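Please open the model in your viewer and have the selection tool ready. The stops below are meant to be taken in order.

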Amino acid sequence: MQFKYPFHSISHDKIPILDIRITNKDNGRAVNYRAMLDSGAFANVFHSDVADVLGIDLTKIKEIYFGGVKKSKQMKGKQYILEIMVLNKGQNYKFDAVVVFSDEISDTGLPLLGRQGFFDRFDEVCFNYKNNKFYLQKD
């Protein structure tokens, strides 16, 4: 199964953005989001506001520290397992993955899909800048 997408052009840059559906399997709440593939991100990172939408009480979850693009060396967040479904042209692929919720990323930006919990769920992730597309391969 292959999911193909065009890059989105933002400020003269090609950005790999795709539609996903995330579900809190503990209460069944689900929401569709646009997210950005980020090969530099170690993990999936979403703003904490997304946890509120999914009915996740972050006050009951232990805080962790992780690296990021922020000037300080570590950022704070809270991990939670969600079901992530990749959507494209009538096809879908879903899996459970850890997401880090953090207030220390922009609440106006896109959720980040990283190497652990997203890239590692596919057999191949390819960015083809010359042809203005990227794809995810799951055999």
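This is a predicted model: local features need pLDDT of at least 70, side-chain atom pairs count only at pLDDT 80 or more; totals for chains, interfaces and linings use all residues.

**Stop 1: Asp 19 and Arg 34**

Select Asp 19 and Arg 34 and show their side chains. The two form a salt bridge, and the closest N and O atoms are 2.9 Å apart. Asp 19 counts as partly exposed because its relative accessibility is 33%. Arg 34 is also partly exposed, at 40%. The count of salt bridges in the model comes to 4, and two further ones are visited below.

**Stop 2: Asp 96 and Lys 25**

Next, select Asp 96 together with Lys 25. Here the closest N and O atoms of the salt bridge are 3.2 Å apart. Distant parts of the chain are again linked: Asp 96 is in strand 9 (residues 91-102), whereas Lys 25 is in the loop between strand 4 and strand 5, 71 residues apart. Is Lys 25 buried or exposed? Its relative accessible area is 51%, so Lys 25 is exposed. Asp 96, with 36%, is partly exposed.

The C-alpha atoms of Asp 96 and Ile 81 are separated by 6.4 Å, and the two residues are 15 apart along the chain.

**Stop 3: Asp 120 and Arg 121**

Move to Asp 120 and Arg 121. Their side chains meet in a salt bridge, at 3.1 Å from N to O. Asp 120 is partly exposed, at 44% relative accessibility, and Arg 121 is partly exposed at 25%. Why can such side chains pair? Side chains of opposite charge can do so when their charged atoms come close.

**Stop 4**

Asp 49 can be found in helix 1, which spans residues 48-53. With a relative accessibility of 39%, Asp 49 counts as partly exposed.

**Stop 5: Asn 44**

Hide the surface and select Asn 44, in strand 6 (residues 44-47). Is Asn 44 buried or exposed? Asn 44 counts as buried because its relative accessibility is 0%. Which backbone oxygen does the side chain of Asn 44 reach at 3.1 Å? That of Gly 117. A polar atom of the Asn 44 side chain also lies 3.1 Å from the backbone oxygen of Val 98. Show Val 98 and Gly 117 with Asn 44 to see both contacts.

**Stop 6: Ser 102**

Finish with Ser 102, which lies in strand 9, the strand that also holds Asp 96. At 1% relative accessibility, Ser 102 counts as buried, whereas Asp 96 is partly exposed at 36%.

Conventions: Residues are numbered from 1 along each chain as its sequence is written. Side-chain values use heavy atoms; hydrogens and water are left out. Helices (H or I, at least four residues) and strands (E, at least two) are DSSP runs, numbered from the N terminus. Buried means under 20% relative accessible area, exposed over 50%, partly exposed in between (1.4 Å probe, protein chains only). A polar contact is a pair of N or O atoms within 3.5 Å; within protein, one must be able to donate a hydrogen and the other to accept it, and residues adjacent in sequence count only if both atoms are side-chain atoms.
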